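Here's a quick tour of a metal site and the sheet that goes with this chain. Have the viewer open while you read.

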Amino acid sequence: MSHAHFDHVDHIQFLDPLIPVYLGEGTKFFLEAMEETSGFCDYKEHEYQTFRTGKKVKVGNLEVEPIHVDHSIPAAYGFLIHTSEGTVVYTGDLRLHGPRKEMTEEFIQKAKNCEPVAMICEGTRVVDKEKRKNYSEEKVRTSSEKVVTSTDKIIFLTQYSRDMDRFRSFYTIATKNDRKIVISPKKAFLLNRLMQDDRLQLPDPLKDPDILVYYKKKKSGKYEERDYYKWEREFMDKMVTTDFVRKNQDKLIMDLGFYQFAELIDIRPEKGSHFIHSMSEPFSEEDVEDEIMHNWMEHFGMQFHQLHASGHMNKQQIIDSVNYINPKACFPIHTENQQLFKESGRNVRLTESQKTYEVS
Ligand SMILES: [Zn+2]
């Protein structure tokens, strides 16, 4: 398993539990947190074996060498699969514009050194014409900080819950600008579990005075322990509620996902407050969720900012990587545009579901 994004892990619940699962140590922490905090993840029954970068894993006659890559979630890996016919490279998901791009560079170099017989390559952003902005994580951070320093009103933001680079960016901005960051109990739980991996260097939501945890009003209306799931209760010492947020708007940056927008009704943000959408832009102009989001913005007179960096390399970077690694054959996956890989001039073999391919 290359990393803990849903499209890479969720189907293990359909796998025969007798099949062991190999995954990064960090990925294991993510799966455990996901299982605990959401009703629909159940990954438990397998035999889980964890690895770190460079630690070779023997699977039958194959030797799999996981190498860390930079992606929009920690503990992401590409694989060098050493076989009797030569090495097969699998990229996983990766990018070259994140805070740890040198990990991706290391993977690309090691892949090249193997003179691979095949490369199985992701192509999320391999599109004819890129319509979305091409920001780096650094650009997201500096642009977001500009928004924060320009205002004494509250800043809301929405981001992917498992992107710890993005969390770190906003946490840094908040602490630098005398604001506290308000997160959900779910995020606090994830942070708390990921702290077991000291390489990630994340703050402790239970101890860090700059992190507050927002509890929604539930049935009793009194914010009682029994109103919340067991896993949510761990952070009640750090609890803030609508009243606190409403009265301290100039001192906060608050994480607020699309499905929590109803909280705005009680928070009553001041006119001219800010909302940073730190996620992918909508796929089409008819995106319903996007329209609803903008209706909320308009209703509260909030200023909208689109600031996001992708977790994936763009088309040119993919083509350049394929060319540099120079595999005997390249198999595009994780893409809607396999044929565009042919611009690399390499031997590109288009893949079809349920078909077997031989390499040598
Ligand atoms: Zn991914």
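Predicted model: local features only at pLDDT ≥ 70, side-chain atom pairs only at ≥ 80, totals over all residues.

The zinc ion sits in an irregular site, with angles of 89 to 171 degrees among its 4 donor atoms.

Who holds the metal? The protein donors are His3 (NE2), His5 (ND1), His71 (NE2) and Asp93 (OD), 2.2 to 2.4 Å from the zinc ion. Along the chain, their spacing reads H-x1-H-x65-H-x21-D. His3 and His71 tie distant parts of the chain together, being 68 residues apart: His3 belongs to the segment before helix H1 (6-9), and His71 to the loop between strand S4 (62-69) and strand S5 (76-83). His3 counts as buried because its relative accessibility is 0%, and His71 is buried too, at 1%.

Now for the sheet. It's an open one of 6 strands, in the order S3-S4-S5-S6-S7-S15, with mixed pairing. Strand S3 (57-59) and strand S15 (329-333) are at the edges with a single partner strand each, so one side of each has no neighbour in the sheet. On average, neighbouring strands are turned by 20 degrees against each other, direction ignored. S5 and strand S6 (residues 86-90) pair in the antiparallel sense over 5 bridges, and Thr83 has Gly86 in S6 as its bridge partner.

| Helix | Lies across | Angle |
|---|---|---|
| H3 (residues 101-113) | S4, S5 and S6 | about 150 degrees to S4 |
| H11 (residues 315-325) | S7 (118-122) and S15 | about 165 degrees to S7 |

Technical notes
Residues numbered from 1 in each chain as written. Heavy atoms only, no water. Donors = N, O, S within 2.8 Å, 3.2 Å for Na, K, Ca; no water. Tetrahedral: all angles 85-135°; square planar, octahedral: opposite > 155°, others 65-115°. Helix = DSSP H or I, 4+ residues; strand = E, 2+ residues; numbered from the N terminus. Buried < 20%, exposed > 50% of the residue type's maximum accessible area, 1.4 Å probe, protein only. Pairing = 2+ DSSP bridges. Axes fitted to C-alpha atoms, helices over the stretch in contact; angles between N-to-C directions. Contact = heavy atoms within 4.5 Å.
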